[in-house]
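The sequence and structure come next, followed by the points grouped by topic.

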Amino acid sequence: MIEVRNVSKTFYVPHKVKALVDVSTEIAAGEVVVVIGPSGSGKSTFLRCLNHLETADAGGHILIEGIDILDPKTNINKVRAEVGMVFQSFNLFPHKSVLENITLAQTVVRKRPKEEAHAKAMSLLEKVGITDKADAFPDNLSGGQQQRVAIARALAMDPKVMLFDEPTSALDPEMIGEVLDVMKTLAQEGMTMVCVTHEMGFAREVAERVIFMDEGAIVEVGTPEHFFTNPDHDRTKLFLSQIL
Amino acid sequence: MKTTANTRRSMPPWKYNLWVGVFFLILFSVVLLVYIATIRIEYTWGWYKVPSTFFNRETIEISSDIDGKVVQVTRKNAEAVITIKNETESKSYTVPAEDVRVNENDLIYYGDTLATYSEWRAGIMLQGLWITLKCSIFAIIFGIIIGVIGGIARISDNPALKWSAISYVELIRGSPLLVQIFIWYFVLGTMVNQILTSYGMAEIPSLWYGVASLACFTGAYVTEIVRAGIQSIHRGQTEAARSLGMSYGQCMRYVILPQAMRRILPPLAGQFISLIKDSSLLGIIAVRELLKASREVVTTQLNPFEMYFTAAALYLVITFALSMFVQYLERKTATS
Ligand SMILES: Nc1ncnc2c1ncn2[C@@H]1O[C@H](COP(=O)(O)OP(=O)(O)OP(=O)(O)O)[C@@H](O)[C@H]1O
Ligand SMILES: [Mg+2]
C-alpha cells in the first residue's frame with residue numbers, strides 16, 4: 001500500500017534542519033499505524049511527505065499503491081485524491097457551509113454530479129454524528145464538531161489511506177473522545193490509517209503497529225503490546241516514562 | 001461606532017450641542033467668507049447658466065432644396081406635409097407641425113426655411129461625465145484583471161513570473177501618473193498610431209491610451225492588494241485543498257480567492273476612488289472628460305466658480321456611489 005524507502009527531508013529555512021533521516025518503512029492495506037515521538041522528531045514531516053505536502057529530498061522513494069510520488073512525472077493531484085489528510089487545526093473552509101466543505105472536492109476533483117456528492121456528504125455526516133449542522137458554517141461549530149467534519153470531508157473522496165496529524169491536540173479534553181470514536185470506527189471498518197497522536201489509549205487499543213520516531217529517524221517499530229510493556233531502546237523507554 | 005457613542009455620553013448634552021453649533025458656525029463662516037470675497041472682486045454668479053451645459057434645446061431648421069410654390073400644407077396630428085412644385089419637379093417634406101413657417105401659395109426659393117423644431121441635446125458637461133465614467137469603468141475592469149494575474153504571479157515560485165510582477169509594480173509605483181499618461185500617449189501612442197496609419201488602418205483615439213495608462217497604473221496597486229489578500233489567508237487552507245487533490249488553480253479559485261476577496265475589497269475601493277479622481281488628468285491628452293469639459297465651458301461662459309464647484313460635486317457623487325456599492329458587496333460577501 002505505502003512503501004517508504006530511504007526518505008530524508010532537509011529544511012534550509014530558517015537554518016538547516018534534518019527533519020527526516022533515511023526513513024524506510026512499509027504500511028500494508030488495512031493496517032492502522034500510530035506514529036509517536038517527542039516534539040520536533042519529524043512525525044508531521046513524515047506524514048506530510050506521504051502526500052507530498054513536503055517534498056522529500058532527492059534519492060528516496062515513496063510509493064503509494066506502486067506509484068512513486070517523488071517521480072516528477074507523477075500527477076500528484078491524482079495520488080492526493082486517494083490519500084485523505086486530517087490536520088491538527090482542522091483547516092475547514094470558513095467561507096463554505098459544512099455541506100459545501102464536504103461536496104467541494106467531490107465535485108471539482110472527482111467530477112461527481114451535485115446530487116451524488118450531496119447524498120455522500122449527508123451519509124458521512126450521519127456517520128460522524130452531526131447531520132443537524134449540515135448548513136452551519138465552520139466558525140459556529142465546536143472544535144470536536146469541526147474535526148469530525150474535516151474527517152468527513154477527507155472520507156468523501158473515498159481515500160485508500162487516511163493520514164491523521166495530531167487530530168485531537170487542538171481540542172478541549174471533553175471533545176477528544178468523540179473524534180477518537182470516529183477514528184476507531186474507521187479502523188474497525190478496515191481503513192488504512194497512519195496516525196500521529198499523543199493519545200496512548202488510542203494507540204494501545206486500535207494500533208496494529210506503533211512507530212517511534214526521534215530526531216528524524218525511526219527508532220523502534222512494534223506491536224502496541226511490545227511497545228508499552230518492554231521496549232528495546234532506552235530512548236523509547238525515556239519517552240514513554242515522560243508521557244505515561 | 002461604539003467609541004463615538006461613548007465620547008458623547010462622557011460629555012454633558014449642553015456641551016455637546018455647543019460644539020455641534022461651533023461646527024455649523026465654522027461651516028457657515030467659510031461659505032460666507034467665500035461669498036464676501038466674490039462680492040469684493042465683483043464676481044457675478046451665474047448658476048442659471050449651468051443647467052444648459054448638461055441639457056440644451058437645439059433648434060433645427062428644415063429648408064427647401066428647390067425653388068417653387070407651396071401647393072399644399074396638410075396637417076395630421078403632430079406632423080405636417082408641405083408640397084412644393086415648380087415647372088419641372090414637385091417635392092414633399094414631412095415636418096413636425098409645431099412651427100411651420102410657410103403657407104399655401106407662398107413662393108419659395110432654394111434654402112428658405114420651411115419649418116423648425118427643437119429637441120433636447122446632451123450638453124458638453126453630460127458628455128464629459130459620461131467619458132469620465134467610461135474611462136473609469138474600463139480602467140477598473142482592466143485594472144482588476146491585471147491585478148489578479150499580477151498578484152498571483154507575484155507570489156509564484158517561478159522567477160520569470162515573480163520578477164516580472166515585481167518589476168512591473170516597482171516601475172509603475174515609482175513614477176508619477178502624469179508622466180505615465182504622457183508616455184502612453186505621446187510615446188507609445190505616436191508609435192502605434194503611425195504604424196497603424198502606415199498599414200492604412202484607423203488611429204486609436206486618445207481615450208484608449210488614457211484608459212490604458214489608468215488601468216496599468218491601477219493594476220500595479222491592485223497587484224499588491226491582491227498579493228497581500230492572498231498571503232493573509234492561512235497556509236492550512238491551501239494545504240487542506242491540495243490534500244484533497246485540488247490543483248493549484250482549483251485551490252485558488254474555490255478556496256483562496258473567495259476568502260481573500262473579503263480582505264481585498266476595502267483597500268480596492270480606496271484604489272478605485274483614486275482612479276476616478278485621477279481620470280481628471282486625462283484632459284491633458286485631449287480626452288474630454290468631466291474636468292476638461294468644465295474648462296471648455298469656462299472659456300466660453302466665463303463662470304469658473306460655478307463650473308469647478310459643479311465638477312467637484314459630480315466627482316463626489318461618483319466616488320460616494322462607488323464606496324456605497326463596495327460596502328454593499330462587503331456585506332454580501334460577509335454573510336455568504
Ligand atoms: N516548514 C518548515 N520549515 C523549516 N523547518 C521545519 C518546517 N517544518 C518542520 N521543520 C523542522 O523540522 C523538524 C521536525 O518537525 P515536525 O513538525 O515534523 O516535528 P513533529 O514531530 O511533528 O513535532 P510536533 O510534535 O511538535 O508536531 C523540527 O525541527 C522543525 O523545526
Ligand atoms: Mg507535528
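S8(A) sits in strand β1 of chain A, which spans residues 2–11. The model is a predicted one. In it, S8(A) counts as buried because its relative accessibility is 16%, below the 20% limit for that class.

**Surroundings of S8(A)**
- The side chain of S8(A) reaches the backbone nitrogen of D22(A) at 3.0 Å.
- Leaving out residues up to four places away in sequence, S8(A) touches L20(A), V21(A), D22(A), A56(A) and D57(A).

**Surroundings of K43(A)**
- K43(A) belongs to helix α1 of chain A, residues 43–50.
- With a relative accessibility of 5%, K43(A) counts as buried.
- Beyond four places in sequence, the residues that K43(A) touches are V35(A), I36(A), G37(A), P38(A), E166(A), V196(A), H198(A) and M213(A).
- K43(A) and T197(A) are 154 residues apart in sequence, while their C-alpha atoms are 9.3 Å apart in space.

- In soluble globular proteins, nonpolar side chains tend to be buried together.
- The largest nonpolar core here has 87 residues, and those touching the most other members are F46(A), L50(A), I62(A), F93(A), L163(A) and M246(B).
- Helix α8 of chain B (residues 248–278) gives the most to this core, with 13 residues.
- Apart from this core lies another of 50 residues, among them L124(A), L141(A), M193(A) and F228(A).
- M246(B) has contacts in both chains: N77(A), F93(A), L104(A), A105(A), V108(A) and V109(A) in chain A, and A241(B), C251(B) and V255(B) in chain B, not counting residues up to four places away in sequence.

**Contact between chain A and chain B**
- On the side of chain A, 24 residues are in contact with 19 residues of chain B.
- About 1800 Å² of area is buried between chain A and chain B, and carbon and sulfur atoms give 60% of that area.
- Between the two chains there is 1 salt bridge; E239(B) forms a salt bridge with R48(A), with the closest N and O atoms 2.7 Å apart.
- Residue pairs in polar contact between chain A and chain B, both at pLDDT 80 or more, number 7.
- The elements of chain A that each supply at least two residues to the side touching chain B include α2 (76–81), β6 (83–86), α3 (98–108) and α5 (143–155).
- By type, the residues on that side of chain A are 15 nonpolar, 4 polar and 5 charged.

Note on methods. Residues are numbered from 1 along each chain as its sequence is written. Chains are lettered from A and ligands numbered from 1 in the order in which they are written. This is a predicted model: local features need pLDDT of at least 70, side-chain atom pairs count only at pLDDT 80 or more; totals for chains, interfaces and linings use all residues. Side-chain values use heavy atoms; hydrogens and water are left out. Helices (H or I, at least four residues) and strands (E, at least two) are DSSP runs, numbered from the N terminus. Buried means under 20% relative accessible area, exposed over 50%, partly exposed in between (1.4 Å probe, protein chains only). Contact means heavy atoms within 4.5 Å. A nonpolar core is a set of buried Ala, Val, Leu, Ile, Met, Phe, Trp, Tyr and Cys residues joined through side-chain atoms within 4.5 Å. Buried area is the accessible area (1.4 Å probe) that two parts lose on being put together, summed over both. A salt bridge is a side-chain nitrogen of Lys or Arg within 4 Å of a carboxyl oxygen of Asp or Glu. A polar contact is a pair of N or O atoms within 3.5 Å; within protein, one must be able to donate a hydrogen and the other to accept it, and residues adjacent in sequence count only if both atoms are side-chain atoms. Ala, Val, Leu, Ile, Met, Phe, Trp, Tyr, Cys and Pro count as nonpolar, Asp, Glu, Lys and Arg as charged, and the others, Gly among them, as polar.
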